[in-house]
Amino acid sequence: MWAITRVGFNQKLLNLPKTLSRPLMATFNLIRVSSPAYSTGSPNQAPSKRIGTHNGSFHCDEALGCFMIRLTDKFFNSEIVRTRDPKVLEGLDAVLDVGGVYDPNHDRYDHHQKGFEEVFGHGFNTKLSSAGLVYKHFGKEIIAKELQLGEDHPDVHRLFLAIYKSFMEFDTDKPPRYVNNTHLSSRVGRLNLDWTDPDQLPEKENEAFQQAMALAGSEFLDGVRFHAKSWLPARSIVMECIEERYDIDPSGEIMVLKRFCPWKLHLFELEEEMKVEPLIKYVFYEDERAKQWRVQAVAVSPDRFESRKPLPAQWRGLRDDELSKEAGIPGCVFVHMSGFIGGNQTYEGALAMARTALKI
């Protein structure tokens, strides 16, 4: 979920509303942060480099960016220096979200300057923020460490794109339809010192920024680990089932899910990637809890309820013997009133329902 973008993160988790922050402290106060590393495989070594970001109110952008860059071999366990003093920033090994420079060759990752147009690429065109820039240049290394694979492994590249799409990208040209105060950006924003807190010292702000890094970073790593543990295996299952669809029915429009897993988003993405034609109309799979089989009509798109080809109107709302008689197929259990899903007691019966529905 994040487009870690120039103006915001994906609204599912991040929105980066800069207005959440309290007024900035003195512009050139210098604050050092010595926070714990969250290693995904980097060697245990003492801090040897320094990473700069601005002091004062913080946001999800720089908190996540600082967390991610400290997972890399180059900047593992580096000290965080929070300042806006140009002279101090000039002497640091990397600078995020401040300084007005984007230059990856010198590890400068700001996005506020006039003329900044950097995007992630790979078909994504949203402008990046500082954390997005860090992910663009170091994301593969971080993912490769978590998967314990080389950066050139295909699975690393798949997760690199998938995590950007699901966790990082957010199009801020589309205004939100409602206020969401529970996403990650809001939760990070609330870690800023409250204006009523009598202790407004830099050390207190420093502690709050460490908490912000830990919060943003833990959700990022949770996302990486979810994709490695769940998303990638499910994608492989769906791809294999798509490849074998003609073994199920010569139309190529019926797919059996040999092992149940989250399949819908994978199906849409893989149909496009694999140039599937004709599109799959029905997916059937075993409901292990009910010890029955389900036939599900594929939606027209991931965000729509309408089906490409709903189960026949004359079946909808019927159950058991009445449905079996109407369909001419034994073992029928039900068909939903909308026609998006139905059930049968056996594999053969579910397949017969899908095949018959294709012809009606």
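The structure is a predicted model. Its largest nonpolar core has 49 residues, and another core, of 22 residues, lies apart from it. The second largest pocket holds about 270 Å³ of space.

**Nonpolar cores**

- Within the largest nonpolar core, which has 49 residues, those with the most contacts inside it are Met68, Ile69, Tyr135, Ile143, Ile163 and Phe220.
- Two or more residues of this core come from each of helix 1 (60-69), strand 4 (94-96), helix 3, helix 4 (154-167), helix 5 (184-189) and helix 6 (202-243), and helix 6 gives the most, with 10 residues.
- The other core, which lies apart from the largest one, has 22 residues, among them Val295, Ala327, Ile329 and Leu358.

**Ile69 and Phe138**

- Leaving aside residues up to four places away in sequence, Ile69 touches Ile51, Phe75, Ala94, Leu96, Tyr109, Val134 and Phe138.
- Phe138 lies in helix 3, which spans residues 130-147, and Phe138 counts as buried because its relative accessible area is 9%, where the cut-off for buried is under 20%.
- With residues up to four places away in sequence again left out, the contacts of Phe138 are Ile69, Thr72, Phe75, Asp107 and Tyr109.
- Although Phe138 and Leu71 are 67 residues apart along the chain, their C-alpha atoms are separated by 9.0 Å.

**Hairpin of strands 12 and 13**

- Strand 12 (residues 332-335) and strand 13 (residues 341-344) run antiparallel and are joined by three bridges, and Val335 has Gly342, in strand 13, as its bridge partner.
- Five residues stand between the two strands of this hairpin, in which Gly339 takes a positive phi near 80°.

**Second largest pocket**

- The second largest pocket, with about 270 Å³ of space, is lined by 14 residues, of which Lys264, Gln296, Ala299, Arg304 and Phe305 are the closest to its centre.
- By residue class, the lining of this pocket divides into nine nonpolar, three polar and two charged residues.
- Helix 8 (264-273) and strand 11 (292-297) each supply at least two residues of the lining, and helix 8 gives the most, with three residues.

Key:
Residues numbered from 1 in each chain as written. Predicted model: local features only at pLDDT ≥ 70, side-chain atom pairs only at ≥ 80, totals over all residues. Heavy atoms only, no water. 1 Å grid on protein atoms, 1.4 Å probe; cavity = no way out; pocket = protein on both sides within 12 Å on 5 of 7 lines; lining within 4 Å. Points joined across faces, edges and corners; volume = space filled by probe spheres on them. Helix = DSSP H or I, 4+ residues; strand = E, 2+ residues; numbered from the N terminus. Nonpolar A, V, L, I, M, F, W, Y, C, P; charged D, E, K, R; others polar. Pairing = 2+ DSSP bridges. Buried < 20%, exposed > 50% of the residue type's maximum accessible area, 1.4 Å probe, protein only. Contact = heavy atoms within 4.5 Å. Core = buried A, V, L, I, M, F, W, Y, C linked by side-chain atoms within 4.5 Å.
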